[in-house]
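Hello,

Please find the model below. My notes on the ligand site, the pockets and the cavity follow.

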Amino acid sequence: PPDDAQSLGDLRRQAEGCRRCPLWQDATQTVFGEGPENARIVFVGEQPGDQEDIAGKPFVGPAGKVFDEVIEEAGIERQKLYVTNAVKHFKFEPRGKRRIHQKPNAGEVKACRWWLDHELGFIEPDLAVAMGATAAQSLLGKAVPVTKMRGTIVTRDDGLRVFLTIHPSYILRIREAAEAQAERKRFLADMRHVKELTG
Ligand code: URA
């Protein structure tokens, strides 16, 4: 795509036709980031899921519901955030009528990083929150042990502070109720920390 976007809106329109990796072929549409250009915090997930692919908006499915509930409990208003993903097309494997999420590979993350870099360039947030390993990989340009480093901040060479936490879908995958509840509490503690860091 041309490197001539004058605004986040231009960037979003250019991303609609993205062919930087093959994932556009099977996905319904590009799911670009959403939120105000003057957002102070940018949240980054992995990639759109089944519902996001159809809606064309990030974090509107089951993981988005957990995200919404927990940030609200932490006193963070979603309308003030910019919410995006490391990879902007849904990667899946068809299984009967269902589409099963597949993790994007390093090449796909790298190809899509171009968009994330430009989103951050327009927004210039005070803090980026990496939810999960794929987001951390994209924001930091290298693999980081997110479960070990969660709750900590890594400052990039360009000065951007990146807060590391888990992906909300991790909570949904835990079968044991008490364990899921405990993990949700830890995620809430991380979100309260984010709230403190940004006022
Ligand atoms: N999971 C993500 O990482 N992003 C979404 O937008 C939805 C689910």
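The ligand takes up the space that is the largest pocket. Here a pocket is an open set of points on a 1 Å grid over the protein atoms alone, with protein on both sides within 12 Å along at least five of seven lines, and a residue lines it if it has an atom within 4 Å of a point. A molecule sits in a pocket or cavity if more than half of its atoms lie within 2 Å of its grid points.

This is a predicted model, in which local features need pLDDT of at least 70 and side-chain atom pairs count only at pLDDT 80 or more, while totals for chains, interfaces and linings use all residues. Residues are numbered from 1 along each chain as its sequence is written, and side-chain values use heavy atoms, with hydrogens and water left out.

The volume of the largest pocket is about 860 Å³ (the space filled by probe spheres set on grid points, which are joined across faces, edges and corners). It has 28 lining residues, and those closest to its centre are Glu46, His101, His167, Ser169 and Arg173. Elements that each supply at least two lining residues include α2 (50–55), α3 (62–73), β4 (98–101) and α7 (168–173); helices (H or I, at least four residues) and strands (E, at least two) are DSSP runs numbered from the N terminus.

Around the ligand (a heavy atom within 4 Å) are Gly45, Glu46, Gln47, Pro48, Gly49, Glu52, Pro58, Phe59, Asn85 and His167. By class this shell has three nonpolar, five polar and two charged residues (Ala, Val, Leu, Ile, Met, Phe, Trp, Tyr, Cys and Pro are nonpolar; Asp, Glu, Lys and Arg are charged; the others, Gly among them, are polar).

- a polar backbone atom of Glu46 and a ligand oxygen, 2.7 Å apart
- a backbone N or O atom of Gln47 and a ligand nitrogen, 2.9 Å apart
- a side-chain N or O atom of His167 and a ligand oxygen, 2.6 Å apart

Taken alone, the ligand exposes 230 Å², and the protein buries 92% of that (Shrake-Rupley method, 1.4 Å probe).

The second largest pocket has a volume of about 230 Å³. Its lining includes Asn38, Arg40, Glu77, Lys80 and Lys195.

There is one cavity of 30 Å³ or more, a cavity being a set of points where a 1.4 Å probe fits but cannot get out. The largest cavity holds about 100 Å³ of space. Of its 15 lining residues, Cys18, Cys21, His89, Cys112 and Trp115 lie nearest the centre.

Regards

Conventions
A polar contact is a pair of N or O atoms within 3.5 Å; within protein, one must be able to donate a hydrogen and the other to accept it, and residues adjacent in sequence count only if both atoms are side-chain atoms.
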